[in-house]
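This report looks at how parts of a protein model meet, first within one chain and then between chains. Please keep the structure in view while reading.

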Amino acid sequence: MSIAARHRPTQPFVEEVLKLLSNVLFPVVVFLIWAIATTIGTAVDQNQPPERYYEEYPVPVANLVLRLHLTNVFHSIPYISLIVLLLVSMSVCTFRRVIPKRFPKDRAVPIEKFALHAAQITAADSDGYALAARRYLERRGFAVRPQRIGDANWLFADKQKWARYGVLVAHLGFAVMALGVFLGWLAGYRGQLQIFSGQTVAVDRAAVLVTLKKFSAVFQPVQTPSGVTYQAAKFQSDVAVRDSGGIHPESILVNHPYLTPKKVYFYQASFGFAGRLAILRNGRPVSLPESDGRLMPGDGIDLPGTSRTIEYGTMLGPSDPSQLPAGLALPRRDEYALWIFHDKIPTTDKPILLPIGRSVDAGDGYVVSALPPLAWSGLTYRYDPGELWVGAGALILVGGFIMALFFVPVKLYARVQATAGGATLDLAATTTKGNAIYEEDFGALVNGLRDCVEIGGAAGAASVEAYA
Amino acid sequence: MPDTNPYTQYNTNAGGAMNAHVGAYMAWYEAAVVVYVLAAIAFLAYWAFAHRAIVRTGASLAVIGLLCQAASLGLRWRYSGHVPWNDLYGSLSVVTFAAVTFFLFFSIRFGIWFAGPLVLGIADALLAYARGWNKGLEPLVPSLQSPWILIHVPVVLCAYSAFLISFATSIVYLLKKRVEDQALHFAGRSVGAAVAAIPPEAGFVSAPYLRWLDRVPSSTKLDVITYRVTAVGEILLTVGIILGALWAHVSWGTYWQWDPKEDAALASWAVYAAYLHLHTRPSWRGTKAAWVCIAGFVSILFCYFAVNIYISGLHSYK
Ligand code: HEM
């Protein structure tokens, strides 16, 4: 058996699959399923621990959500498969339907069989009428190609023929965007930095050293019915970036990233304040070897030689009013919220509020005083070699959409034949978008064609016989 | 690092001036709400009486409403120092403004004046509902301090407005189609009890409250109009989503975060993409397409209200 013969039995199957994929109803169905899946993913909080769903929904619903894995829709295999299916169907459709589709050939056609057709009779002679009609159509923006077929003058005309390629262009745009995203995935990278004031961090891949000189946050008080709240107005990291070209002072703000000469972006992503405490025992400073002196929420300090622990909570105050619980007055000075535990039991029923510069007795001879906090800035860095492709693909996509959706490519067939005492013009039109969309324009064309011979001086009134 | 915050002492005088400014733009807003009600009533009257003068009155009222809204949005812009579409109040105002503008434009182009009661009624309801979401003259949060807000937001909101109109024309389509089908059905009858009730020259008479449908273009034309308006909306939504993705790229460092608003917008985009593909099939145009168009609008409502109000994410700017 030859190889070709052995493969033959699979051919009808492959053909069936390709036919299915290039059927327009296929993407319609996939689009709708995709929309439903996306809506579910929007409505159901994603990637939460199972308890959360039981808190949020009645038990049967929570069970359903968890069993159907609706907790992680967007990165699930079925969801990604839907997108892949769409892309595959789009590609198959492009190669099997969009590209092979030819603009109808210039040839004699049975005009009466077209849904959009009309006939006119005039007293003008056939050649004169054909010429007048040709001029008229050209004025209306048609490219007209006259041909003599048999004893009739044929005019083949088209307008906005290029609009047929809209779908192709739009699909190409998608492909270019996908290429850009792929390039970014293949050759790009991203990462996060947390830099404290004064600290220097090396970003090896970007070949830079970043020093945070200062972080500033500006909040504005806003009067609301429930009291004054503080709304963030500005987050800014003043950094020094050292690369092979020297050291550059830069400011990185939300919406205003810093771009290195190697095209790595640094974004302002987050911020915060680390607490700092000085600890004295019996009047002498205690150094805590395991601590770097920066306390983040939840950090604890075991006081040596005791069963006491200090747990740092947060910082409240003018430097970061966003932490202030609603309805409370803003303290005039930054203060730390702390817990002191003795034998794992809190020594107070509320957190201790310790203003900067003040001290508190922690027991067993320990005194804890609050040093000014240390701001930190969270920066995201990213290198994406595909972004230009994505941008270009987006432009192409939108261009294709506009071509495909706004413009109607039209082909006209006009036949002018001499009849007793004059000539008849038969006109038919086809579009790629159904006839209804062109009905009105067709009516206008027919009227215009009638007028053009009348105004052109041809004798006798033309009549529109029929137009579907 | 600031030890004291320059804004800690809230200036109550500034608060007073701010309230006066809010009062000024809200007055124009109230005027717009009232004028649009009148415009909707005028178009409702057009269903009952086929006078051109009524259409002219309705259209003039709609234009006056637009001017009031323009004054309101302009004052808010001026006094806040930033674009007025930073909260749900502002974005609903823009949706209404764009919907009425599109309605006038498409009506002049395609003669869809008869959709006026639906379009103006819904648009005005949205505007009236916006009142409860007015945040006043708050400063813009850092994540929105970008020129992208000038374009991303209005483009998406205009897409919603176009979809509101194609929703209205889809509804009218379904009504018209029903009447047409009934007429056909009756015309097909040669004998029977029904014949006596039908004037012979008309073949079929619709219910009195549906009489206005006789003056509406044929269902085939309505289908084409719906297609054209939806196409405008889908292009705007595509551009809006892409602009959003590009903004996210320069603001957050990624094109797409699977944020609820992004996802919901994508879902709506997919429904309308299904509609446009469906419309390429002659046998699926009309009723089936109209229902998909209506489903698309439901998904827009989900994207707009449910996501803004109930689902928190990076886009929670209500
Ligand atoms: C892939 C990215 C994005 C998508 C798909 C997207 C989508 C949308 C959509 C559909 C709306 C419609 C308005 C609404 O429903 O409330 C919207 C509004 C808005 N978007 Fe985006 N967006 C994206 C990125 C961004 C980014 C990066 C920002 C700014 C940081 C942003 C800021 C806004 C704002 C301020 C509104 C107006 C909301 C309102 O006034 O209610 N968007 N976006």
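## Basis of the model

This is a predicted model, in which local features need pLDDT of at least 70 and side-chain atom pairs count only at pLDDT 80 or more, while totals for chains, interfaces and linings use all residues. Residues are numbered from 1 along each chain as its sequence is written, chains are lettered from A and ligands numbered from 1 in the order in which they are written, and side-chain values use heavy atoms, with hydrogens and water left out.

## Between the domains of chain B

Chain B is assigned domain 1 (16-140) and domain 2 (146-318), with bounds that come from an automatic or database domain assignment. In the contact (heavy atoms within 4.5 Å), domain 1 of chain B takes part with 33 residues and domain 2 of chain B with 32 residues. The two domains of chain B bury about 2800 Å² between them, of which 82% lies on carbon and sulfur atoms; buried area is the accessible area (1.4 Å probe) that two parts lose on being put together, summed over both. Of the area that domain 1 of chain B buries against domain 2 of chain B, Trp47(B), Trp85(B) and Phe114(B) supply 20%, more than any other three residues.

Between these domains of chain B there are 0 salt bridges, by a rule that asks for a side-chain nitrogen of Lys or Arg within 4 Å of a carboxyl oxygen of Asp or Glu. On the side of domain 1 of chain B that touches domain 2 of chain B, the elements giving two or more residues are helix H1 (12-48), helix H3 (88-110) and helix H4 (116-130) of chain B, and H3(B) has the largest share, 12 residues.

## Between chain B and chain A

The contact between the chains takes 59 residues from chain B and 69 residues from chain A. Chain B and chain A bury about 5600 Å² between them, with 67% of it on carbon and sulfur atoms.

Across this interface of chain B and chain A, the count is 0 salt bridges, alongside 13 residue pairs in polar contact (both at pLDDT 80 or more).

Key
Helix = DSSP H or I, 4+ residues; strand = E, 2+ residues; numbered from the N terminus. Polar contact = N/O pair within 3.5 Å; in protein donor to acceptor, adjacent residues only side chain to side chain.
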